[in-house]
Amino acid sequence: MRIRRLKLSGFKSFVEPAELRIEPGLTGVVGPNGCGKSNLLEAIRWVMGESSPKSMRGGGMEDVIFAGTAGRPPRAFAEVVLQADTAPREDGTREELEVVRRIERGAGSAYRINGRDVRAKDVALTFADAATGAHSPALVSQGRIAAVIAAKPAERRAMLEEAAGIAGLHVRRKDAEQKLRATESNLARLDDIMAGLD
Ligand code: ATP
């Protein structure tokens, strides 16, 4: 997957609509302390479905909405749009992907993929299948290098599995196991009912 563009509105310090074009060759974002460099990386993780307010450096998820300053009122919502190209097919063509996450005060988050309303889980699976996601080791925030060095073997294995593109299969396996358990319990209940009819 190739991330092409990021659009932010009301997200953290980006109160006015802002657009970041991610062209091939972009290697870094520079700026004075506190200008919003980390907020950009957090916007990528957030639109990919990050669900932990703590890892967004907030106490609650609504803390990502512009909180207001002395001269500006707070915003009622935050929205991040991520535009990307999927990995190339065998014939070399790529598909365009647009993922939108929006949060409104008191109303929680809503997601869209290519204009269609979807669940957070669909967004997470879309990115997991593309070997990326909110917890991808490819998104290196401050302090992450030390965390990777100190990672336990199981955590390193998760990173390798993601790089190999099989992280999405684990989510699907968990879902399938849950369905299997529910079906087993339905079958057991059916046996009880049939035994009662004998
Ligand atoms: P450094 O170089 O120090 O790491 P940085 O460029 O990475 O800084 P960020 O940490 O991305 O900067 O941005 C911090 C700024 O974002 C702070 O000025 C903070 O007040 C602002 N900010 C964070 N959340 C919000 C919010 N909800 N509303 C308004 N401003 C916010």
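Author: Happy to. Please keep in mind that this is a predicted model, where local features need pLDDT of at least 70, side-chain atom pairs count only at pLDDT 80 or more, and totals for chains, interfaces and linings use all residues. Residues are numbered from 1 along each chain as its sequence is written.

Reader: In what order do the elements of the chain run from the N terminus on?

Author: Helices (H or I, at least four residues) and strands (E, at least two) are DSSP runs, numbered from the N terminus. The chain has 5 helices and 6 strands. Their order is β-β-α-β-β-β-β-α-α-α-α.

Reader: Is the chain a compact globule or more spread out?

Author: Along the principal axes, the C-alpha atoms fill a box of roughly 75 × 40 × 40 Å. The globule rule (2.2 Å times the number of residues to the power 0.38) is set against a radius of gyration taken over C-alpha atoms. That radius is 21 Å, well over the 16 Å the rule gives for 198 residues, so the chain is more spread out.

Reader: Which strand does β1 join through 7 bridges?

Author: Two strands pair if DSSP finds at least two bridges between them. β1 pairs with β2 in the antiparallel sense over 4 bridges, and there Arg5 has Arg21 as its bridge partner. On the other pairing, Ser9 stands opposite Glu79. The antiparallel partner joined by 7 bridges is β3.

Reader: With which residues is Phe11 in contact, leaving aside its neighbours within four places in sequence?

Author: Two residues are in contact if their C-beta atoms, placed from the backbone, lie within 7 Å. By that rule, the partners of Phe11 beyond four places in sequence are Ala43, Val64, Ala78 and Val80.

Reader: Which residues come nearest to the ligand?

Author: A residue is near a molecule if its C-beta atom, placed from the backbone, lies within 6 Å of it. The shell divides into 4 nonpolar (Ala, Val, Leu, Ile, Met, Phe, Trp, Tyr, Cys and Pro), 7 polar (the others, Gly among them) and 3 charged (Asp, Glu, Lys and Arg). Of its 14 residues, those that come nearest are Asn33, Lys37, Ser38, Asn39 and Ala67.

Reader: Is Lys12 buried or exposed?

Author: Lys12 is found in the loop between β1 and β2 (18-21) and has a positive phi of about 50° although it is not a glycine. A residue is buried if 20 or more other C-beta atoms lie within 10 Å of its own, exposed if 12 or fewer, and partly exposed in between, with C-beta atoms placed from the backbone. Lys12 has 23 such atoms, so it is buried.

Reader: How many residues of helix α4 are buried?

Author: Helix α4 covers residues 153-163 and is followed by Gly165, whose phi is positive, near 80°. The helix lies largely in the open, because of its 11 residues the number buried is 1.
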